[in-house]
Amino acid sequence: MAIPFTPQEMLAIVVGASFAAGLNVYATVAVLGLLARAELFSLPASLHVVEAWPTIAAAIALFIVEFVADKIPAFDLIWNALQTFVRVPVAGLLAYGATAQLSPGAQLASAVLASGIAFASHGGKTAIRAAITPSPEPLTNIGLSLTEDALAIGLVWFATRHPYAAAVIVAILLVCLIFVVRMIAKSLRVLFRGARAQWHKLQEGDSTASD
């Protein structure tokens, strides 16, 4: 039986679903639609299109495409770059529809918040992928992708059961992403400085040899 939610609980669900959308928007839409179809979650009237079978079928089909594309090293970076124009806007639209009972200003603010969370989640995912893609074995990339898929699906379901707890988990994950991305950026700067220093040494060596 679908559980009615207060505006505050729905906003908390939006936070959890937005983070999930940044990881895998198609899984997010499919799970929301299936939960609504099973009457385990009540979508606002403005989002009833999400629980329509054509929408669910399209989301599942695109999830399968992403499931494959997201596990191919190097190509996954191109795929994720393109998905920036899907994950972030869809998260904003879902939030806008989910908060239709709020004032127009609050509804717009919710959409902006959701888009920001999805962008942070998506950006963190892409940065981590860029860091591990040079790995010579594909298992790390595949394992990380499977973890992201499971997290997206699990987080959407958990948000519909425990909205506030899911929002807290998202806050923790965002903080963790900030630290991880900063570490990756620092490591890349050190790597590039080392490569540049090595290049200068080689150039100096060539100049000395020519003299």
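Me: What should I know about the model before I look at numbers?
Reply: The model is predicted, so local features need pLDDT of at least 70 and side-chain atom pairs count only at pLDDT 80 or more, while totals for chains, interfaces and linings use all residues. Residues are numbered from 1 along each chain as its sequence is written, and side-chain values use heavy atoms, with hydrogens and water left out.

Me: How much space is in the largest pocket?
Reply: The largest pocket holds about 240 Å³ of space. A pocket here is an open set of points on a 1 Å grid over the protein atoms alone, with protein on both sides within 12 Å along at least five of seven lines, whereas a cavity is a set of points where a 1.4 Å probe fits but cannot get out. Grid points are joined across faces, edges and corners, and a volume is the space filled by probe spheres set on the points.

Me: And which residues lie nearest its centre?
Reply: Of the 14 residues that line the largest pocket, V29, V50, T55, V90 and L94 lie nearest its centre; a lining residue has an atom within 4 Å of a point. Helices α1 (7-37), α2 (53-69) and α3 (75-98) each supply at least two residues of this lining, where a helix is a DSSP run of H or I with at least four residues, numbered from the N terminus.

Me: What classes of residue make up that lining?
Reply: The lining of the largest pocket has 13 nonpolar residues, one polar and no charged, counting Ala, Val, Leu, Ile, Met, Phe, Trp, Tyr, Cys and Pro as nonpolar, Asp, Glu, Lys and Arg as charged, and the others, Gly among them, as polar.

Me: What about the second largest pocket, what volume does it have?
Reply: The second largest pocket has a volume of about 200 Å³, and F19, L23, I128, L151 and L177 are the closest to its centre among its 13 lining residues. Its lining divides into nine nonpolar, two polar and two charged residues, with at least two residues supplied by each of α1, α4 (104-132), α5 (139-161) and α6 (163-210).

Me: Switching to cavities, how many of 30 Å³ or more turn up?
Reply: A search of the whole structure finds two cavities of 30 Å³ or more, and the largest cavity has about 120 Å³ of space. Its lining comprises 15 residues, with V14, A17, L32, L94 and A98 nearest the centre, and α1 gives the most to that lining, with seven residues.

Me: A17, is that one buried or exposed?
Reply: A17, in helix α1, is buried, with a relative accessible area of 10%; buried means under 20%, exposed over 50% and partly exposed in between, with a 1.4 Å probe and protein chains only.

Me: Last one: where is the kink in α3 centred?
Reply: The kink in α3 is about 45 degrees and is centred on Q83, the bend at a residue being the angle between axes fitted to the seven residues ending there and the seven starting there. The buried residues of α3, including Q83, pack against α1, α2, α4 and α5.

Technical notes: Contact means heavy atoms within 4.5 Å.
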